[in-house]
Amino acid sequence: MEGHVLSLSLQMYGCRVVQKALEHVLTDQQASLIRELDGNVLKCVKDQNGNHVIQKAIERIPSEYCRFIIEAFHGQVYALATHPYGCRVIQRIFEYCGDDTLPLLDELHRYTLNLIQDQYGNYVIQHVLEHGKPQDKALIVGKVRGQVLQMSKHKFASNVIEKCVAFGTKKDRQVLIEEVIMTKADG
């Protein structure tokens, strides 16, 4: 497999073999295999097969060996969060890579309003609301305030508003619900 990880990762059946290998080999072997994707991370993330390999690497390999994956995402958060495969990989990064993701979260927060209304980006925002740190949840809730009624009628944003209510603080919940109740009849 060594020397062929990229070509296998981009192939329908080969990507499954690489994923199985990442599940069953020792950490140093995992690191060696995944290192072959350095320089091709974004290509894999945007590929229907390769994205699964990157997700598996993030889930299974200690983050110190996956820093090059996180680094490949710098400056790409919006593009990847709005991509059908990229949105899944970003969710895994936020789920498994801890404080290494702080620059990525900062980048995400710059695009929150656009991502909330995007067909794929809304899933990334929902993920942060469900699994993120209180300060990240608060930033998202702060961005929707003043637009709750409007966003509640939007196909994708409405899902985010639901998560704001479900996973926000008690005070957040109260403020968001009051905003809807207090909105004038003309919208």
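Biologist: What share of the contacts in the protein with a separation of 6 or more comes from residues 24 or more positions apart?
Modeller: In this predicted model, residues 24 or more positions apart account for 69% of those contacts.

Biologist: How many helices and strands does the secondary structure contain?
Modeller: The protein has 15 helices and zero strands. The C-alpha atoms fill a box of roughly 65 × 25 × 25 Å along the principal axes.

Biologist: What part of the protein is called buried?
Modeller: The word applies to a residue with under 20% relative accessible area. Of the 187 residues, 43% are buried.

Biologist: What describes the packing of two helices?
Modeller: Two packed helices are described by the angle between their axes and by the distance between the axes. For α2 (residues 14–24) and α5 (residues 50–60), the angle is about 5 degrees and the axes are 9 Å apart.

Biologist: Why are α2 and α5 called roughly parallel?
Modeller: Angles under 35 degrees count as roughly parallel. The angle of α2 with α5 is about 5 degrees, and the two helices are therefore roughly parallel to each other. Their contact is made by Cys 15, Val 18, Gln 19, Leu 22 and Glu 23 of α2, together with His 52, Val 53, Lys 56, Ala 57 and Arg 60 of α5. These residues divide into five nonpolar, two polar and three charged.

Biologist: What makes α11 roughly parallel to α14?
Modeller: Helix α11 (121–131) and helix α14 (residues 157–167) pack at an angle of about 0 degrees, with axes 9 Å apart. The limit is again 35 degrees, and α11 is therefore roughly parallel to α14. On α11 the contact involves Asn 122, Ile 125, Gln 126, Leu 129 and Glu 130, and on α14 Asn 159, Val 160, Lys 163, Cys 164 and Phe 167. This contact divides into five nonpolar, three polar and two charged residues.

Biologist: Which helix gives the most to the lining of the largest pocket?
Modeller: Helix α11 does, with three residues. Helices α8 (86–96), α9 (102–110) and α11 each supply at least two.

Biologist: What makes a residue part of that lining, and how many residues line the largest pocket?
Modeller: A lining residue has an atom within 4 Å of a point of the pocket. The largest pocket, with a volume of about 180 Å³, is lined by 13 residues. Phe 94, Leu 105, His 131, Gly 132 and Lys 133 lie nearest its centre.

Notes:
Residues are numbered from 1 along each chain as its sequence is written. This is a predicted model: local features need pLDDT of at least 70, side-chain atom pairs count only at pLDDT 80 or more; totals for chains, interfaces and linings use all residues. Side-chain values use heavy atoms; hydrogens and water are left out. On a 1 Å grid over the protein atoms alone, a cavity is a set of points where a 1.4 Å probe fits but cannot get out, and a pocket is an open set with protein on both sides within 12 Å along at least five of seven lines; lining residues have an atom within 4 Å of a point. Grid points are joined across faces, edges and corners, and a volume is the space filled by probe spheres set on the points. Helices (H or I, at least four residues) and strands (E, at least two) are DSSP runs, numbered from the N terminus. Axes are lines fitted to C-alpha atoms, for helices over the stretch in contact, and angles run from 0 to 180 degrees between N-to-C directions. Angles under 35 degrees count as roughly parallel, over 145 as roughly antiparallel, 65 to 115 as roughly perpendicular and the rest as oblique. Contact means heavy atoms within 4.5 Å. Ala, Val, Leu, Ile, Met, Phe, Trp, Tyr, Cys and Pro count as nonpolar, Asp, Glu, Lys and Arg as charged, and the others, Gly among them, as polar. Buried means under 20% relative accessible area, exposed over 50%, partly exposed in between (1.4 Å probe, protein chains only).
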